[in-house]
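Dear colleague,

Please find below the structure that I would like to hand over to you. My notes on it follow directly after.

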Amino acid sequence: MLDEYYMAKAISLAKKGWYSTHPNPRVGCVLVRDDEIIAEGWHQYAGQGHAEVNALAVLAKKNIHAKGATAYVTLEPCSHFGKTPPCSNALIEVGITRVVIAMVDPNPLVSGNGVQRLQESGVKVKTGVLEAEARTLNSGFIQRMESKRPRVRCKMAMSLDGRTAMANGESKWITSADAREDVQRLRAESSVILTGIGTIIADDPSMNVRSHKYTDVKDGVQERGMRQPDRFILDTQLRTPTQAKILSLPGKTVIATAKARQVLMQQKIQDLESKGANVLFLPIQKRPSTSSLSLQATMSLMAQQQYNDVLLEAGATLTGAMLQAGFVDELIIYMAPHLMGSEARGLFNLTGLESMKQRINLNIQDIRAVGEDFRITAKPVLVSESADKHRDTR
């Protein structure tokens with residue numbers, strides 16, 4: 001039980017880096033000797049010390065040795081040289097004799113190698129302690145490593161009758177200030193915000209974090225500027241205006257367009273890049289009556305860009321296409337207590353659903369009040385899961 005107790009402490013420490021470690025995983029570490037915590041650490045910022053190194057630095061400041069101690073770490077200590085030296089080596093060098101690990105690192109550069117390195121040096125290793133809890137810390141990172149694509153959450157706001165905007169496009173504001181503040185949290189914990197050119201042209205959105213709740217502050221002093229998620233625009237015909245608000249704000253903006261535009265619109269590309277945009281090129285995927293950028297290639301590109309958690313904030317066409325392609329892992333829908341009428345715009349454009357058996361099933365994870373609105377969190381049910389459930393209820 002003591003292992004679980006100290007690992008729970010390490011998990012709590014890891015959560016302190018919730019908004020600041022992208023693209024790295026959130027990791028916490030507790031050092032224990034004679035059933036007493038002698039140091040704690042967590043990974044604070046990408047490119048800086050990992051949790052184990054930060055915990056050891058605390059020991060050094062206290063002038064306390066680590067020999068004979070046990071290290072509780074939420075993720076397998078790294079064994080390779082990246083932006084920082086291997087953490088497994090650091091633990092070995094100071095005389096740690098036992099390491100308890102919540103989960104093995106899914107990163108192929110690390111997976112199992114850190115454990116092996118520790119064991120070869122005579123360190124006792126135990127894995128799998130509170131593994132489920134540890135996995136929830138880094139769902140996007142784990143998915144990117146295991147499935148080669150990021151985790152995608154789709155955020156939508158709707159009226160009680162399922163409408164997102166009036167027929168003329170008016171949509172400010174469907175939800176209350178409390179719900180909009182909650183969206184700031186979603187953005188802050190995301191690596192990138194994904195949207196379509198239709199939303200850019202219609203709304204000229206900022207798609208940034210504006211709440212001061214997520215500013216990095218220590219002892220009342222702001223240490224670094226607010227970390228802004230990147231913005232990623234799918235723009236098949238490269239229609240993004242050079243004066244778009246999204247290009248003038250802090251943070252990185254990526255514009256993905258069709259490969260053919262690389263030759264056809266060189267001047268427009270140069271103009272956008274002069275505004276700070278990063279223009280990338282994707283293949284076209286042909287669908288019935290339309291052509292658009294390949295969503296599979298989009299997901300692969302986003303993984304290559306080291307995006308762990310994607311927040312999809314887009315219109316009905318892109319969100320519907322992402323949902324039907326199986327790339328939406330979680331839906332977060334804010335429902336406001338009013339009616340907007342049958343002429344107003346719907347939540348998703350979902351084509352080809354002609355019978356009840358073709359409907360997209362959802363598994364409701366949570367429903368709660370946010371101010372005067374409700375927030376519904378749901379996960380699309382995989383086809384195989386839906387079939388199994390149907391068989392079980394016959």
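Which residue's side chain meets that of Asp3 in a salt bridge? The partner is Lys126, with an N to O distance of 3.0 Å. Please bear in mind throughout that this is a predicted model.

**Confidence**

The protein chain has an average pLDDT of 89, and 92% of its residues score at least 70. Confidence is highest in strand β16 (residues 309-312), at a mean of 98, and lowest in strand β10 (residues 221-222), at 38. The pLDDT is below 50 over residues 217-223, a stretch that has seven contacts in the model beyond near neighbours in sequence. Residues 386-394 also stay under 50, and for them the model has two contacts beyond four places in sequence.

**Salt bridges**

The count of salt bridges comes to 15. Lys126 counts as partly exposed because its relative accessibility is 34%, whereas Asp3, at 10%, counts as buried.

In one of them, Arg375 pairs with Asp182, and their closest N and O atoms are 2.8 Å apart. Arg375 counts as buried, at 13% relative accessibility, and Asp182 counts as buried with a value of 13%.

In the other, the side chains of Arg187 and Glu313 meet at 2.8 Å, N to O. Here, too, distant parts of the chain are linked: Arg187 is in helix α7, while Glu313 is in the loop between β16 and α12 (316-324), 126 residues apart. Both Arg187 and Glu313 are buried. Salt bridges with shared partners also join ten residues named here into one network: Arg151, Arg153, Asp182, Arg185, Glu189, Asp309, Glu330, Asp366, Arg368 and Arg375.

How many of the six residues of strand β1 (residues 28-33) are buried? Six of the six are buried, and the strand is mostly covered. In a regular strand the side chains alternate between the two faces of the sheet. In β1, Gly28, Val30 and Val32 are on one side, Cys29, Leu31 and Arg33 are on the other, and both faces are covered.

Strand β1 runs antiparallel to strand β2 (residues 36-42), to which six bridges join it. Within this pairing, Cys29 has Gly41 of β2 as its bridge partner. The hairpin of β1 and β2 has two residues between the strands, and Asp34 takes a positive phi near 55° there. Strand β1 also pairs with strand β3 (residues 70-73), in the antiparallel sense and over four bridges. In β3, Ala71 stands opposite Leu31.

Thr175 is found in the loop between β7 (163-165) and α7 (177-188). Why does Thr175 count as buried? Its relative accessible area is 11%, and the cut-off for a buried residue is under 20%. Apart from neighbours within four places in sequence, Thr175 is in contact with Ala157, Arg180, Tyr334, Ala336 and Asp373.

In helix α12, the buried residues include Ala316, Leu318, Thr319, Gly320, Met322 and Leu323. Gly326, which follows α12, has a positive phi near 85°.

Leu350, Leu353, Ile360, Leu362, Ile364, Ile367 and Phe374 make a nonpolar surface patch of about 570 Å². Which strand gives the largest share of the patch? Strand β19 (residues 362-370) does, with three residues. Leu362 lies in this strand, and at 41% relative accessibility Leu362 counts as partly exposed.

With kind regards

Note on methods: Residues are numbered from 1 along each chain as its sequence is written. This is a predicted model: local features need pLDDT of at least 70, side-chain atom pairs count only at pLDDT 80 or more; totals for chains, interfaces and linings use all residues. Side-chain values use heavy atoms; hydrogens and water are left out. Buried means under 20% relative accessible area, exposed over 50%, partly exposed in between (1.4 Å probe, protein chains only). Two strands pair if DSSP finds at least two bridges between them. Patches are made of residues with over 30% relative accessible area and no salt bridge: like charges are joined within 9 Å, nonpolar side chains (Val, Leu, Ile, Met, Phe, Trp, Tyr) within 5 Å. Accessible areas come from the Shrake-Rupley method with a 1.4 Å probe; for residues, only the protein chains shown count as cover. A salt bridge is a side-chain nitrogen of Lys or Arg within 4 Å of a carboxyl oxygen of Asp or Glu. pLDDT is the predictor's confidence in each residue, from 0 to 100. Contact means heavy atoms within 4.5 Å.
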